[in-house]
Amino acid sequence: MKSVPVTIDLSPFSFLVNTNIPLVVDNLFRIYPDSIVSHGESIKNSKVCSYTVSAISSSGVRKIVKPQARFLCDQKEPFKPLAINQGYALLEWGMNWTVAAMEMQHVITHSAVLARENKAILFPAPPGSGKSTLTAYLVYKNWRLLSDEMALIQPHSNTVYPFVRPICLKNRSIEIAKKWFAADRFSSIAPNTHKGDVIHLSPPDPSWSEHKSPAKICGIVFPKYKAGSELKIYKLTMAEGFMEFASNAFNYGVIGATGFKTISNILEDAPVFEVEYSDLEEVKEFLEEDIIANA
Amino acid sequence: MHDMDANTLIRLFSNPEDALKLSLKEWQLVVLALRHQQLLARYAIRFKDFQVFESLHNYVKHHLINAEIVAEKQTLQVLFEARQLSKQLTKYNAQFIFLKGAGYSLSGHPVGAGRTYSDIDVLTAKEHIENIEKDLTLHGWLPEKMTDYDQKYYRTWAHEIPPMKHAERGTVLDIHHNIVPPVSNRAPDSSVFFNNVELSESGHWTFTKEAMTLHSLVHLFFNEDFKYGFRDLLDLHILMTTNADNTYWSKLVAMAKTSGFTGELYLACRYTQKILNTPVPIEVYRELKPYRSWTMPVLDYIFLRLLSPNHPFFALPGYKLAAFLGFIRGHKLKMPFHILFFHTITKGGKLILEALFGSSLFAKNEITRPK
């Protein structure tokens with residue numbers, strides 16, 4: 001396939017994606033709404049985008065033997081190539097990398113962001129904590145997705161901007177989420193990645209139609225899934241919350257003082273909890289009744 | 001959209017007012033090219049100096065500001081690292097001279113403004129290196145993983161020891177004992193450089209402006225990789241045009257003569273002048289003329305391309321051939337034939353395999369994976 005440009009007109013950062021992998025094109029058009037994704041003619045004749053990236057197949061013998069997909073941010077290749085059927089997941093991860101590596105005008109933390117009535121809760125958590133399953137469940141229950149991966153916080157404020165993208169689900173959570181959403185909202189499966197089997201889920205339409213509306217940060221919750229566990233809620237002190245939260249910031253090292261002040265200010269008002277759970281509905285009730293209702 | 005090439009970016013530096021004539025579509029490509037050359041922050045400062053920054057489109061300002069924030073952070077970081085190093089290593093009484101990017105930053109010279117770099121280079125006397133290397137490992141600086149061949153290359157032939165990386169901060173430190181590899185037979189008596197240093201305001205040693213210029217151009221013309229060729233040429237341009245009086249030029253020529261780098265100084269004057277219109281005094285040219293190489297037409301072919309902006313959308317025709325010739329020339333300068341022969345077999349074989357099987361064939365498993 002010849003390389004074609006696809007533009008993803010996301011807010012606040014848009015992408016021009018060059019790709020010669022049919023699977024990547026199919027998934028992009030399946031996941032992103034028509035108002036956001038479109039075919040361009042060539043790099044020189046398509047919409048102006050914040051970032052130019054590529055998802056292309058490796059050349060040489062790799063075209064025939066174990067074909068690979070490569071991600072490039074313009075000319076820079078931050079990762080090793082992956083198998084061709086992991087190409088779309090690689091592109092999504094590459095887009096995350098691009099924003100985390102380049103954007104210094106937001107405080108960017110590694111967390112899911114979900115909101116009710118423009119009251120947002122941040123869910124910073126390491127992989128395996130069940131963050132994405134919880135995210136999928138909350139949007140299924142009519143919460144609005146701002147991001148599954150990163151919170152873009154306006155410096156010196158408690159305002160978080162959406163960066164609506166698909167939710168990245170892994171392994172067992174794929175089957176669970178398939179019960180909640182129609183099949184056409186899912187990407188193809190990227191099998192056997194370093195995170196296991198991975199699928200991307202397009203959030204419901206309300207999240208997309210509000211993809212430019214900021215929300216106010218009202219709480220920070222570190223979710224921790226534990227099979228069979230009853231709901232356990234721990235409130236963290238400001239100091240504990242700060243250490244946990246700041247260690248999740250992508251660009252904290254670069255923006256230094258701005259990041260420190262912004263995060264401290266947020267923690268003055270927003271409570272921080274650690275939540276151990278096995279029942280998603282119980283967590284949702286806690287979030288709605290104890291955080292959103294009091295915000 | 002007008003046709004753009006390397007000259008568009010060069011003119012943008014010489015006449016920053018041109019920035020207001022570019023369309024948004026053109027800017028999209030210009031931003032890519034400037035980022036590719038690590039020049040966004042330097043151009044941001046240039047646009048500010050010429051009062052065009054505020055009139056630029058928000059799209060452009062956004063990318064320029066991102067780069068400025070990173071550059072400002074780096075200036076703070078290098079100051080921090082320099083203090084740490086000085087503190088840890090005072091006991092050796094070794095003079096630690098900060099080179100290239102780190103030196104530019106610490107010196108406070110305009111060449112350091114918005115200049116970004118990936119590692120910190122320092123120069124110190126060879127007799128101290130063994131102790132310093134051991135000491136640094138105790139302070140969290142660990143040698144980067146490399147093949148046995150590369151290890152041997154550094155230890156036997158190079159002018160620096162293998163790079164060390166700080167385990168927590170990720171900063172990379174290159175410790176040099178000369179400015180060119182001794183194996184090249186061109187390494188000067190290093191006292192030429194040690195005698196031309198000054199203390200920065202922050203209390204760290206950097207080269208004087210003349211020595212800084214000479215080192216910068218020697219480094220450039222001894223290189224085999226010109227990815228940042230245009231940025232390096234701009235470094236020279238800035239050094240040669242900021243308060244460059246007659247004393248500066250005569251000292252520079254004198255130092256080049258003592259250290260045997262007159263040929264390189266000639267090339268630097270020639271290409272800054274040809275590409276960036278740098279005003280090099282006519283007497284300097286006259287004095288350097290005898291050191292012109294007889295291969296000048298070939299060198300012109302190579303360097304007029306490699307020292308111009310090189311993003312694929314902007315590179316001048318013939319860039320790839322020039323890059324290949326520059327690669328060969330750089331190796332030939334650095335190593336005598338018999339060493340180059342084995343080096344080529346070792347490294348070239350690997351390159352051929354990578355060309356066939358992809359660039360990550362030899363990559364160690366632990367290198368970056370997407371989050």
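This is a predicted model: local features need pLDDT of at least 70, side-chain atom pairs count only at pLDDT 80 or more; totals for chains, interfaces and linings use all residues.

Biologist: How many bridges pair β1(A) with β3(A), and in which sense?

Modeller: Three bridges, in the antiparallel sense. Val6(A), for instance, has His39(A) in β3(A) as its bridge partner.

Biologist: OK, helices. Which residues of α1(A) are buried?

Modeller: In α1 (residues 22–31) of chain A, the buried ones are Val24(A), Asn27(A), Leu28(A) and Ile31(A). Looking down the axis of α1(A), they fall within an arc of 105 degrees, so they line one face of the helix.

Biologist: And what covers the buried residues of α1(A)?

Modeller: The cover includes strands β1 (4–8), β2 (15–19), β3 (37–39) and β4 (51–57) of chain A. Also included are helix α2 (87–102) and strand β14 (196–201) of chain A.

Biologist: Over to chain B. What's the strand order in its seven-strand open sheet?

Modeller: The order is β3-β4-β5-β2-β1-β7-β6 in chain B, and the pairing is mixed. β3 (141–143) and β6 (197–199) of chain B are at the edges with a single partner strand each, so one side of each is left without a neighbour in the sheet. From one strand to the next, the twist averages 40 degrees.

Biologist: How does β6(B) join β7(B)?

Modeller: Through three bridges, with β6(B) and β7 (residues 205–207) of chain B running antiparallel. Glu198(B) has Thr206(B) of β7(B) as its bridge partner.

Biologist: Which strands does α5(B) touch where it packs on the sheet?

Modeller: α5 (residues 100–107) of chain B touches β1 (97–99), β2 (120–123) and β7 of chain B. The direction of α5(B) makes about 110 degrees with that of β1(B).

Biologist: Last one: how do the axes of α12(B) and α14(B) cross?

Modeller: The axes of α12 (residues 262–276) and α14 (residues 296–306) of chain B come within 11 Å and cross at roughly 55 degrees. That makes α12(B) oblique to α14(B), and the crossing is right-handed.

Biologist: Which residues make the contact?

Modeller: From α12(B), Leu267(B), Tyr271(B), Lys274(B) and Ile275(B); from α14(B), Leu299(B), Phe303(B) and Leu304(B).

Technical notes:
Residues are numbered from 1 along each chain as its sequence is written. Chains are lettered from A and ligands numbered from 1 in the order in which they are written. Two strands pair if DSSP finds at least two bridges between them. Helices (H or I, at least four residues) and strands (E, at least two) are DSSP runs, numbered from the N terminus. Axes are lines fitted to C-alpha atoms, for helices over the stretch in contact, and angles run from 0 to 180 degrees between N-to-C directions. Two residues are in contact if their C-beta atoms, placed from the backbone, lie within 7 Å. A residue is buried if 20 or more other C-beta atoms lie within 10 Å of its own, exposed if 12 or fewer, and partly exposed in between; C-beta atoms are placed from the backbone. The arc is that of the directions from the helix axis to the C-beta atoms. Angles under 35 degrees count as roughly parallel, over 145 as roughly antiparallel, 65 to 115 as roughly perpendicular and the rest as oblique. A crossing is left-handed if the near helix is turned anticlockwise from the far one by less than a right angle, and right-handed if clockwise.
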